[in-house]
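Hi,

Here is the model I promised to pass on.

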Amino acid sequence: MGQPTSYLVNVLKCEESGMLVGSSSDIPGLTLEAKTPRGIVKAIMEVAPLLMMRNLNLSSEEVGECVIKVQTQDTPTTERQRTQGPHIFLDSDLLNATA
């Protein structure tokens, strides 16, 4: 088995609204917003697999083997935390952000 396919989701904080906005050029149609870091991660976990199956024509098995990397725009992707599949890796800054 080869290395899993990796998809990147960038999360920015909107200065006007204070909302976190997640988007990905790797997953067509993925643009989400939430008030908290947990909220944006939950939204990504719910929506990304569906969009990957619908817009990238991946099977549920293929989606389950993918890696989704969630990062803030201004932080390098070094420290990650693994959650349930599809495998989602989170920026430590996003996890440590206060609500």
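To begin with contacts (heavy atoms within 4.5 Å): among those in the protein chain with a separation of 6 or more, 32% are between residues 24 or more positions apart.

Some ground rules before the rest. This is a predicted model, so local features need pLDDT of at least 70 and side-chain atom pairs count only at pLDDT 80 or more, while totals for chains, interfaces and linings use all residues; pLDDT is the predictor's confidence in each residue, from 0 to 100. Residues are numbered from 1 along each chain as its sequence is written, and side-chain values use heavy atoms, with hydrogens and water left out.

On confidence, the mean pLDDT of the protein chain is 79, and 69% of its residues reach 70 or more. The stretch to watch is residues 75–85, where pLDDT stays under 50. The model still has 24 contacts beyond four places in sequence for that stretch. Where pLDDT is low, the predicted coordinates should not be read in detail.

Now the layout. The protein chain has 3 helices and 5 strands, in the order β-β-β-α-α-β-β-α from the N terminus. These are DSSP runs numbered from the N terminus, with helices being H or I of at least four residues and strands E of at least two. Of the 99 residues, 36% are buried; here buried means under 20% relative accessible area, exposed over 50%, and partly exposed in between (1.4 Å probe, protein chains only). The chain exposes about 6200 Å², 48% of it supplied by carbon and sulfur atoms. Those areas come from the Shrake-Rupley method with a 1.4 Å probe, and for residues only the protein chains shown count as cover.

The largest nonpolar core has 20 residues, and Val9, Ile27, Ile40, Ile44, Met52 and Ile68 have the most contacts inside it. Strand E1 (6–13), E3, helix H1 (37–55) and strand E4 (67–72) each give two or more residues to this core, and H1 provides the largest share, 7 residues. By core I mean a set of buried Ala, Val, Leu, Ile, Met, Phe, Trp, Tyr and Cys residues joined through side-chain atoms within 4.5 Å.

A few loop residues are worth a click:

- Serine 24 sits in the loop between strand E2 (20–23) and strand E3 (31–34), and is buried at 11% relative accessible area. The side chain of serine 24 reaches the backbone oxygen of leucine 8 at 2.6 Å. Leaving aside neighbours within four places in sequence, serine 24 is in contact with Leu8, Val9 and Leu30.
- Threonine 36, in the loop between E3 and H1, is partly exposed at 27%.
- Asparagine 57 belongs to the loop between H1 and H2 and is exposed, at 65% relative accessibility. Asparagine 57 is not a glycine, yet has a positive phi of about 55°. Most residues other than glycine have a negative phi.
- Serine 59 is in the loop between H1 and helix H2 (60–64), partly exposed at 28%.

Finally, the cysteines: cysteine 14 is partly exposed at 29%, whereas cysteine 66 is buried at 3%. Taking a disulfide as a pair of cysteine sulfur atoms within 2.5 Å, the count comes to 0.

Cheers

Technical notes. Polar contact = N/O pair within 3.5 Å; in protein donor to acceptor, adjacent residues only side chain to side chain.
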